[in-house]
Amino acid sequence: MQTPMYEDVGEIKVDAAGRFVYVSNHGHNSIAIFAIDPATGLLSLAGIDSTQGRCPRLFGLAPCGQFAVVGAQDDDKVVWLFRLCPDTGRLAARSQQLDAPTPNFVLFAPPHALAGTGADGGGFSSGALEGRARRGTGVGMAPMAVCAS
């Protein structure tokens with residue numbers, strides 16, 4: 001299999017279980033997924049999945065291992081929530097979209113860390129997001145926080 005060339009790597013993360021490595025690719029608008037061999041630690045390409053958004057700069061992996069949140073920085077208001085396939089680590093169907101002007105940072109945090117953001121009641125809180133994004137501050141929604149520039 002020929003390995004495509006990419007313009008720029010945004011972020012590299014290992015999932016909480018230590019089974020997969022995720023790499024965001026700016027120019028290709030994708031996330032590459034590598035499986036980690038438990039015996040040797042060597043990586044093998046599991047797949048390259050489209051983020052369905054332009055310039056996936058940074059992304060977050062849920063501690064539970066079931067979700068990835070990808071900020072599409074150049075789409076001017078898009079954060080995608082993907083389910084992760086437990087067997088392959090690949091991004092499955094996109095399940096939610098959230099408005100966030102030029103998202104450039106995604107962080108999963110415990111709900112108590114988000115107290116007072118207006119987003120600690122579970123799920124996405126677009127009101128808290130829009131208000132804080134206009135002020136250029138970090139934006140929270142349980143169980144994650146998004147920073148918009």
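Visitor: Which residues is Ile33 in contact with, leaving aside its neighbours within four places in sequence?
Guide: Ile33 has Phe20, Val21, Tyr22, Ser44, Leu45, Ala46, Gly47, Asp49, Thr88, Gly89, Arg90 and Leu91 in contact, where contact means heavy atoms within 4.5 Å. This is a predicted model, where local features need pLDDT of at least 70, side-chain atom pairs count only at pLDDT 80 or more, and totals for chains, interfaces and linings use all residues. Residues are numbered from 1 along each chain as its sequence is written, and side-chain values use heavy atoms, with hydrogens and water left out.

Visitor: Okay, and which residues touch the most other members of the largest nonpolar core?
Guide: Those are Tyr22, Ile31, Ile33, Phe59, Leu61, Leu84 and Leu91, out of 13 residues. A nonpolar core is a set of buried Ala, Val, Leu, Ile, Met, Phe, Trp, Tyr and Cys residues joined through side-chain atoms within 4.5 Å. Buried means under 20% relative accessible area, exposed over 50%, partly exposed in between (1.4 Å probe, protein chains only).

Visitor: What sits over the ring of Phe59?
Guide: The charged end of Lys13, 5.6 Å from the ring's centre. The cut-offs are NZ of Lys or CZ of Arg within 6 Å of the ring centre and within 35 degrees of the ring normal.

Visitor: New topic: is Cys55 buried or exposed?
Guide: Cys55 is buried, with a relative accessible area of 12%. Its phi is near 60°, a positive value in a residue other than glycine.

Visitor: And what's the phi of Gln52?
Guide: Near 60°, also positive in a non-glycine residue. Gln52 is partly exposed, at 43% relative accessible area.
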